[in-house]
Amino acid sequence: MSYESIMFKIENGIALLTLSRPDRLNSFTQAMHLEVRDALQRVQADKSVRVLVLTGAGRGFCAGQDLSDRAVDPGAPSVDLGESVEKFYAPLVLTLKNLPMPVICAVNGVAAGAGANLALACDIVLAAKSASFIEAFSKLGLIPDTGGTWHLPRLIGHARAMGLAMLGEKLSAEKAEEWGLIWRCVPDEALMIEAMAMAEHFAAAPTKGLAFTKKAFQASQANSLEDQLQLEAGMMRELGYSHDYREGVAAFMAKRTPHFKGE
């Protein structure tokens, strides 16, 4: 599949997916959704990929939904926004959460609406100092979709989540780091340098253990302590039989750099 709305490449175990409609602040259309879906299917199918980096082209990360792609004129028939969420945004979030590898989001500019919540669905979020996050849904009479109502209160607490969602105010990258919404805010010129350095680290890391870490943290949102302890025991049992655990121990004992295979 040739792409018009995104850029995508796989190299040295790193998949780099760039939203690329810079003239529209990388806002989503149905065509863009289909291209992103295809790229993520390639990530899932390629066993060499051990980390995914998601970013945007130009001066913004993603402005959410391109409203001109499903324009609603006064007096015209309404569109089914729930169908859009079910067909595109929800599967996108679930795919990112379920990828058996780390997903890094490098937010290079404004992340608004679904764009903000797309970033929050990733495992580690880096943001340029000039970037910002805006839950713009309230200005259109909507709710924060793309997992926003799930991620926001868990990341920053009920009070701050409600304020962002109901007021729709811009949150700077520096404040987002201070609040714990993202991992780190970095100088603009260092964003992709740091994102790719982190990706290189993960591309050489014990991928299966990282994938299990994702699953364990997600399960903890609903599990009791007893259930979570049981989950941990099962995961540790399986990981203890893995090549990377044996290699990690051997390298530690021999005081050498480990050579993980991601399995």
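The side chains of Asp-66 and Arg-21 meet in a salt bridge, with N to O at 3.1 Å; the term stands for a side-chain nitrogen of Lys or Arg within 4 Å of a carboxyl oxygen of Asp or Glu. Asp-66 sits in the loop between β4 (60-62) and α2 (81-98), and Arg-21 in the loop between β2 (14-19) and α1 (30-45), so the pair ties together parts that are 45 residues apart in sequence. Helices (H or I, at least four residues) and strands (E, at least two) are DSSP runs, numbered from the N terminus. Both Asp-66 and Arg-21 are buried. Here buried means under 20% relative accessible area, exposed means over 50%, and partly exposed lies in between (1.4 Å probe, protein chains only).

A word on the model before going further. This is a predicted model, in which local features need pLDDT of at least 70 and side-chain atom pairs count only at pLDDT 80 or more, while totals for chains, interfaces and linings use all residues. Residues are numbered from 1 along each chain as its sequence is written, and side-chain values use heavy atoms, with hydrogens and water left out.

## Salt bridges

Side chains of opposite charge can pair when their charged atoms come close. The structure holds nine salt bridges, and the table lists some of them.

| Pair | N to O distance |
|---|---|
| Asp-66 and Arg-21 | 3.1 Å |
| Lys-9 and Glu-11 | 3.9 Å |
| Arg-256 and Glu-247 | 2.6 Å |
| Asp-123 and Lys-214 | 3.1 Å |

In the pair of Arg-256 and Glu-247, Arg-256 counts as partly exposed at 36% relative accessibility, whereas Glu-247 is buried, with a relative accessible area of 12%. Salt bridges that share partners also join Arg-21, Arg-24 and Asp-66 into one network. As for the pair of Lys-9 and Glu-11, Lys-9 is partly exposed at 44% relative accessibility, and Glu-11 is partly exposed at 43%.

Ser-5 belongs to the segment before β1 (6-11). Is this residue, Ser-5, buried or exposed? Ser-5 is buried, its relative accessible area being 8%. Leaving out residues up to four places away in sequence, Ser-5 touches Thr-18, Leu-19, Ser-20, Arg-21, Met-32 and Glu-35, where contact means heavy atoms within 4.5 Å.

Asn-12 has a positive phi of about 55 degrees although it is not a glycine; Asn-12 lies in the loop between β1 and β2 and counts as exposed at 67% relative accessibility. Leu-25, also not a glycine, has a positive phi of about 50 degrees, and Leu-25 is placed in the loop between β2 and α1.

The chain is divided into domain 1 (6-203) and domain 2 (206-254), with bounds that come from an automatic or database domain assignment. Their C-alpha centres lie 27 Å apart. The contact takes 13 residues from domain 1 and seven residues from domain 2.

The size of an interface is often given as the accessible area lost when the parts come together. Domain 1 and domain 2 bury about 770 Å² between them, with 52% of it on carbon and sulfur atoms; this buried area is the accessible area (1.4 Å probe) that two parts lose on being put together, summed over both. On the domain 1 side, Arg-50, Lys-97 and Pro-100 lose the most area to domain 2, together 41% of what that side buries. How many salt bridges are there between domain 1 and domain 2? The count is one.

## Helix α10 and the end of the chain

Val-249 has its place in helix α10 (residues 243-254) and is partly exposed, with a relative accessible area of 36%. Together with Tyr-245, Phe-252 and Met-253, Val-249 makes a nonpolar surface patch of about 480 Å². Patches are made of residues with over 30% relative accessible area and no salt bridge, with like charges joined within 9 Å and nonpolar side chains (Val, Leu, Ile, Met, Phe, Trp, Tyr) within 5 Å. Accessible areas come from the Shrake-Rupley method with a 1.4 Å probe, and for residues only the protein chains shown count as cover.

Thr-257 follows in the segment after α10 and counts as exposed at 57% relative accessibility. Not counting residues up to four places away in sequence, Thr-257 touches Glu-247 and Ala-251. The C-alpha atoms of Thr-257 and Glu-247, 10 residues apart along the chain, are separated by 9.6 Å. Glu-247 is also the partner of Arg-256 in a salt bridge.
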